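Here's a quick briefing on the fold you're about to look at. Have the viewer open while you read.

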Amino acid sequence: TQPLDWTSRWLVLMWRFFGGFGGAEDLRAVRVVVTSIAGNTTEIDAEPGDRVVDVKTQVAEQWHVPPEFLTLVCNDLVWKDMALVAKCVASEMDEVTVTGMVSDNGFLTHASVAARRGAIQRLGQYVDKGNSKVLGVLTSFCDDDNEVVRQTALVELTKVARLFDDCIIEALAECLVADNVLVRCRAIDALGAAADSGNLTAASLLVDCLECTHCEPDLVKQAVIKAVAKVPDSHSHRVLHGLNSLLHWLERRSPAQRCQVVIVMTQKAIDALQIACN
């Protein structure tokens, strides 16, 4: 028999490590009933050879949370992700009830900014699926001590602007006076997305920003000009007046920046005329 090369040896070792030579009890199907602390129940039919992480992924999809935020506990024992489900259950049982506990597992309070940003981005993937609690968590990071973390939360919120309520708009309004210019710009972007979704409070707040933007840095001015293009027609007159007051600033800007303002002003002028004609 030819000796195994290093690649084949490594594959065999990995197979053994992850249960490749498990017994017949590892190859049976098990129904896992996952109950939340609130009393919600989800049933998962674990296939032969399925691991705990496979069950967590299916439950997390239904509960609209990241799998890494979910912990399964049975008889005060935490199920490890890579454990075979069949090995976590007595051999005579084909159904088991476990408790599903949702927690950030320290990711959101981690000392590492990168870890916290990663957790926020993962949460952002589940906000649009209807988990209002996740939306509240993201909003709470709008006043985080770290400016990079705040920007990350604002970017994720912008993706679900259609879900904004008065509390979120208020949190964004507080970001408009942040010391960090990029935080202010990200908040303006979020308000623009909300205005585009029909949020009148966000639209009014943006027009207020436009009228008070004379002393703002160029980045903020540009963000506001881009955002006010999305406000409803009812604000067209105020938008035109605010943009007109920025014409002196435009004299020192690039042709591309001047064109951006002209395009917005033209569109808002058309909107205002249509309203007047009607």
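Strand 1 (residues 30–36) and strand 2 (residues 41–46) run antiparallel to one another, paired over six bridges; strands pair when DSSP finds at least two bridges between them. Strands here are DSSP runs of E with at least two residues, helices are runs of H or I with at least four, and both are numbered from the N terminus. This is a predicted model, where local features need pLDDT of at least 70 and side-chain atom pairs count only at pLDDT 80 or more, while totals for chains, interfaces and linings use all residues. Residues are numbered from 1 along each chain as its sequence is written, and side-chain values use heavy atoms, with hydrogens and water left out.

**The sheet**

- V33 sits opposite E43 in strand 2.
- The hairpin of strand 1 and strand 2 has four residues between the strands, and G39 takes a positive phi there, near 100°.
- Strand 1 also pairs with strand 5 (residues 95–102), this time in the parallel sense, again over six bridges.
- Two bridges show how that pairing lines up: R31 partners E95 in strand 5, and T35 partners T99.
- Put together, five strands make an open sheet with mixed pairing, in the order 2-1-5-3-4.
- Strand 2 and strand 4 (77–78) are the edges, each pairing on one side only.
- Is strand 1 largely enclosed or left open? Five of its seven residues are buried, so the rest of the structure largely encloses it. Buried means under 20% relative accessible area, exposed means over 50%, and partly exposed is in between (1.4 Å probe, protein chains only).

**The nonpolar cores**

- The largest nonpolar core has 51 residues, and F164, I169, L172, I188, L191 and L206 touch the most other members. Such a core is a set of buried Ala, Val, Leu, Ile, Met, Phe, Trp, Tyr and Cys residues joined through side-chain atoms within 4.5 Å.
- Several helices each supply at least two residues of this core, including helix 3 (113–127), helix 6 (166–175) and helix 8 (200–211).
- Helix 7 gives the most, with nine residues.
- F164 touches L157, T158, I169, L172, A190, A194 and N199, leaving out residues up to four places away in sequence. Contact means heavy atoms within 4.5 Å.

**Helix 5 against helix 7**

- The axes of helix 5 (residues 147–158) and helix 7 (residues 181–196) come within 9 Å and cross at roughly 10°. Axes are lines fitted to C-alpha atoms over the stretch in contact, with angles from 0 to 180 degrees between N-to-C directions.
- That makes helix 5 roughly parallel to helix 7 (under 35 degrees; over 145 is roughly antiparallel, 65 to 115 roughly perpendicular and the rest oblique).
- From helix 5, E147, R150, Q151, L154, V155 and T158 meet L182, V183, R186, A187, D189, A190 and A193 of helix 7.

**H64**

- H64 is in the loop between helix 2 (52–63) and strand 3 (70–74).
- H64 is partly exposed, at 24% relative accessible area.
- H64 and Q125 lie 61 residues apart in sequence but 9.0 Å apart in space, C-alpha to C-alpha.

**Whole chain**

- The protein chain has 12 helices and five strands.
- Of its 278 residues, 41% are buried.
- Taking contacts between residues at least 6 apart in sequence, 63% join residues at least 24 apart.
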